[in-house]
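Student: Could you show me how to read the packing of helices in a model such as this one?

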Amino acid sequence: MDNYRGIAVTPVISKLFECTILPRLTLNFDQSSLQFGFTKGLSMLMASLIITEARAEGVRQGGILSPFLYKVYVNNLLEDLKSHSLGLKIGTNYVGCPTCADDIAFLSNNHQELQCMLSVATHHARQSRVTINPTKTKAVILNKPKKISKSDLNWTLGNTLVYPSEDTTHLGLIRAELKENNLNIDARISIARRTLYSLMNTGLHGTNGLNPQTSYKIYQSYVIPRLLYGMEILPLNQCQLDIMARFHTKTLRNIQSLPTRTATGSVFMLLGALTIEAEIHKRQLSFLYSVLSCNNSTIQGLVDRQVIMNIDNHLSFFCKVTGVLTLYDLPSISTLSQNLPSKLKWKATVKLAIQDYWTKTLIKEIETKSSLTYLDKTLLRIGHTHPVWTSLSSTVSDVKKGAIKVQLLTGTYELESHRSKFSGGRESALCKCCGTSDEDIIHFQLLCPALHKQRKETFSKLKSYVISVIGTKYWSKQFKGHLDLIKLIVDSSFYYHHGHCLEIGLNWTKF
Ligand SMILES: [Zn+2]
């Protein structure tokens, strides 16, 4: 019952009363620059950004305490603390108490000062006749100096003692003494996994009739936001990014029924999906825009200072985002803040830069993979789904056919010749359908006598269609060898080279 929060349904009359009185209240309400969230142009994450930056400074002995009170009650308290300069400063910027509604954090580099802040808070609460829930108040030490022992520290809040905790959750992010990033990643992945499972009965997974293109949309709108909440302001290293990437790639592979050995580049390119790094970069760049465009003196002061003093501190958001801007060839923070584009324009620029960069990077990777010989690169582009998925209807049989075709496309379809190779020659490569020769892709697609009947039917249709578009002369010139024919059957998108658009559906899958 400690977490019980009463909610009440307000009668219409009181609602009407509130609606009338609210504009009058806000008229003279001078909101403190330390309050974030529930205000136009300010996001909750800005309060979290302050804590990340304080941590990047290597400030010793920070304490975080949460939560109580509300916006109006809390405003006097914040102003009081600020005017007495109680709490942490980054440079000359006061950042002692970043707050979002009832989630208050007190930052200080001195434990007596933190006690003083708590006493001021208790005093204010008493005056406003609000009680503070001591069980919800936690203190966390960030960047503890060696000479101080944790067991020597405690504070009093009213009549209760507060001892240092290992971690606390402030605005949805875990703030901890040790391994803060990893704790947040683990928590996010576990939330994302639960969300994924709860969506499973919509058909998100595997081959039960939902087109992978649709599955990806659902994953992107429901799972990714939960997976990545707050990640844009945490200073993740490559190792930590890799943990997120493994979850992301695995999900995209499952959505498309691709086996584990599928080359990663094709997993993204067939769906036109972004890598997890790109998703985080997108959020960092959008958050940078909010930070640069917001009308909040605390944030503005922090930007000005960090850009000058902390641009090479890899724990600072501003250092991270500078790297991202360089990666995508975008203007620097100072250029941007002098000449901020419209939000719409910035979004479009970022989207295009990210798509271009990752299309190039992943195609380069695809070109080095021998398993992807039959995958044509012409139509591959981040942001666009490959025709192998767009040409499907959402029926179970179509999605199953697509799954097989996509395995042929990525060189992961299990043929007897592969099986023999993987077993080191212990298993036979002989075709199980006809038993006359080894089963490789040429035998399976073009030669196997056991599949002759089905082949004749679909292949003659395909051939006459292609001839009707390009003519007999061009056909005999273009399709001389077995490999040309296999390329046409498996991925006909190379035809865009010749200005012909062939829409060859899925008539060539396992019989
Ligand atoms: Zn055969």
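Predicted model: local features only at pLDDT ≥ 70, side-chain atom pairs only at ≥ 80, totals over all residues.

Tutor: Residues are numbered from 1 along each chain as its sequence is written.

Student: At what angle do α8 and α13 pack?

Tutor: Helices are DSSP runs (H or I, at least four residues), numbered from the N terminus. Axes are lines fitted to C-alpha atoms over the stretch in contact, with angles from 0 to 180 degrees between N-to-C directions. Here α8 (residues 264-271) and α13 (residues 343-367) pack at about 130°, their axes being 9 Å apart. α8 is therefore oblique to α13, since angles under 35 degrees count as roughly parallel, over 145 as roughly antiparallel, 65 to 115 as roughly perpendicular and the rest as oblique.

Student: Which residues of α8 and α13 meet?

Tutor: Contact requires C-beta atoms, placed from the backbone, within 7 Å. On the α8 side, Gly-265, Ser-266, Phe-268 and Met-269 meet Leu-362, Glu-365 and Ile-366 of α13.

Student: How are α9 and α11 arranged?

Tutor: Helix α9 (residues 276-293) packs against helix α11 (residues 317-327) at an angle of about 110°, with the axes 10 Å apart, and α9 is therefore roughly perpendicular to α11. In this contact, His-281, Gln-284, Leu-285 and Leu-288 of α9 meet Lys-320, Val-321 and Val-324 of α11.

Methods. Helix = DSSP H or I, 4+ residues; strand = E, 2+ residues; numbered from the N terminus. Contact = placed C-beta atoms within 7 Å.
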